[in-house]
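Here's a friendly walk through one protein model. Have a look at the structure first, then read on.

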Amino acid sequence: MTFRSADSVRPIDPGRFLIMAAGAITLWLVGLFLLHFTFGHGRQITHILFLDQDFPALLLALTGLVLFSPLARSTDVSLPLPTARLVLPLILICALWSWAGHYLVFQDYALSRDEEVAEFGAAYLRDGLLSRPIPPEWLEYRRAIMPEFFSPFGAENHWTAAYLPVNSAIRALFWHMGDPNLSGPILLAIGLIALWRVALHLFPNRPDAVWVAMLLAFTSAQLSVTAMTPYAMTGHFALNMVWLALALRGGWLGHGCAVVVAIVAGGLHQYHFPPIFLAPFLLWMVLGRRWAAFLVHFAALVVLVILWAKLWPGFLLHELGPPADVRASAGVGDKAASLLRRLGNKWQPLFNLSRFMAWNNILMVPLAVLGVAAMKWRGAVRGETVVLPLAIGCIAACVFALWQGYGWGFRYAHGFIGPFCLLAAYGWVRLGAHSLWPVLFASVLALVTGAFLTDRAHDYVAPYAASHRMIHAANADVVLVDPRGGLFATDLVRSEHGDMKRPMVMNLAMLTPSALDRLCANYSVRLFDRSAFRPLGLRASRLQPGYLDRLRAHLDAIGCAERLPR
């Protein structure tokens with residue numbers, strides 16, 4: 001192994017390391033405020049979530065590190081061996097908390113359009129369908145009912161989720177088992193078990209390093225809270241860790257199963273996520289001259305792209321019909337062009353990595369950086385240490401720090417939380433500390449900040465969940481949503497957990513006066529606007545005059561659509 005152990009170099013004073021970590025993160029935050037607040041223009045959801053959630057959590061964590069630093073070496077604390085008897089019950093607790101949190105924190109509501117479309121896809125897959133056929137009476141209003149995140153294939157007659165199907169298929173499977181919201185917690189448990197197995201493999205003689213990796217994962221608010229949601233990111237975390245465990249196991253069985261896992265991961269929701277994780281390991285195999293393993297996994301990567309970028313869209317084209325309403329854009333060229341555009345105008349590393357640090361254990365990133373710095377590069381370029389591919393993947397996740405909109409932490413780096421924890425374990429070995437006390441304190445600190453962040457997430461989601469309940473409790477055939485004046489109020493236009501039933505919810509902005517005439521002549525119609533959602537606590541946004549003013553005037557003229565909640 002090329003990693004420099006604590007026996008070959010002088011240990012680093014833990015208290016000094018904590019001060020240096022706190023100082024580096026503070027400088028990062030100063031840069032963020034200067035760039036995005038002092039000299040930045042405009043305010044986005046990113047600014048709101050940072051000030052409401054991330055900054056207070058980081059301030060608390062950094063204060064804790066500084067205050068604790070003089071005590072970092074004062075207590076000699078160790079833990080028992082990380083055996084299944086200890087680790088598996090902790091994993092079970094994490095999974096149960098994430099399952100309960102879906103109902104306690106998120107009130108059985110999927111906040112973002114990304115999550116809602118995953119629920120929608122799961123509902124028709126549960127029913128044995130490839131898509132949801134649009135009833136003839138709603139064809140004219142199909143875009144008002146599902147205004148975005150729909151597949152273009154057969155869109156004139158079908159509602160189909162825009163994302164690839166595996167995440168929704170997993171939810172559909174758990175739906176048949178009783179509760180689709182078990183999928184995230186179960187995937188979280190699978191990922192944590194795989195992370196534990198990988199840590200045992202990499203640190204067979206360092207149980208303290210294994211504990212460091214696991215404690216960082218156990219206390220990650222990003223892992224636990226994201227598992228409460230339908231996001232596909234928990235699946236990426238789980239399958240990345242399972243792939244790594246199998247690839248490190250080796251042999252025809254290990255590599256063969258890893259190939260299957262990679263191909264399945266490619267279909268979770270967007271196929272470009274797994275290649276970002278896998279590519280550094282292919283390089284590692286080449287550097288280590290493991291040619292057979294490289295060829296197997298390179299072939300798997302080719303199959304993954306062909307299957308999900310070419311064959312799956314072709315299958316939808318054959319089964320559902322040609323694209324309609326929007327341009328099909330599933331090809332490799334489309335993905336590359338989209339990434340380049342977003343790197344040009346939506347690159348936000350300061351914001352996103354600050355979210356990442358706030359929603360994970362405050363020592364995870366500093367220890368991971370130390371782990372990379374401790375690597376001997378001469379041996380690394382010969383493929384002798386797994387630190388190299390872990391580091392390249394984590395750096396890539398940070399470099400592609402694109403604007404994410406919603407996300408509890410930085411969700412585009414979610415699949416790399418496991419590698420970050422493993423790198424941090426290497427950093428812990430380099431630190432040379434004789435006591436786990438610094439990591440245990442940071443873990444307690446992470447539980448406190450995690451509780452704060454979870455409460456903030458609940459408070460943010462609650463008005464949307466209440467609005468959703470009011471809309472779907474309306475005694476009407478149709479509810480029109482006028483989203484003006486509400487932050488992301490357009491996301492309230494959705495089905496009831498993927499089932500299209502009365503009332504049908506429509507975005508008023510997607511309709512025409514003549515369509516409103518026919519709608520009001522044939523159905524009972526209600527209106528949900530800022531007079532209803534603002535009292536529920538939905539955040540305000542700028543109210544701009546325009547087309548919707550004319551539609552509202554038309555509704556008033558024909559005496560249609562009484563406002564909710566009357």
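## Before we start

This is a predicted model, where local features need pLDDT of at least 70, side-chain atom pairs count only at pLDDT 80 or more, and totals for chains, interfaces and linings use all residues. Residues are numbered from 1 along each chain as its sequence is written, and side-chain values use heavy atoms, with hydrogens and water left out.

## Helix H18

Helices here are DSSP runs of H or I with at least four residues, strands are E runs of at least two, and both are numbered from the N terminus.

H18 is mostly covered, with ten of its 13 residues buried. Buried means under 20% relative accessible area, exposed means over 50%, and partly exposed is in between (1.4 Å probe, protein chains only). Among the buried ones are Val387, Leu388, Pro389 and Cys398. What do they pack against? The buried residues of H18 meet helices including H10 (233-249), H12 (273-287) and H19 (417-431).

## A nonpolar pocket

The second largest pocket holds about 510 Å³ of space. Its lining takes in 22 residues, and Val365, Pro366, Ala368, Val369 and Leu370 lie nearest its centre. The elements giving two or more residues to that lining are helix H1 (14-38), H15, H16, H18 and H19.

A pocket is an open set of points on a 1 Å grid over the protein atoms alone, where a 1.4 Å probe fits, with protein on both sides within 12 Å along at least five of seven lines; lining residues have an atom within 4 Å of a point. By class, the lining has 22 nonpolar, no polar and no charged residues. Nonpolar covers Ala, Val, Leu, Ile, Met, Phe, Trp, Tyr, Cys and Pro.

## The sheet and Asn507

Four strands form an open sheet in the order E4-E3-E5-E6, with parallel pairing. E4 and strand E6 (562-563) stand at the edges with a single partner strand each, so one side of each has no neighbour in the sheet. Strands E3 (residues 478-481) and E5 (residues 525-528) pair over four bridges; pairing takes at least two DSSP bridges.

Asn507 sits in strand E4 (residues 504-507). Asn507 counts as buried because its relative accessibility is 6%. The C-alpha atoms of Asn507 and Leu480 are separated by 5.9 Å, though 27 residues apart along the chain.

Key: Contact = heavy atoms within 4.5 Å. Points joined across faces, edges and corners; volume = space filled by probe spheres on them.
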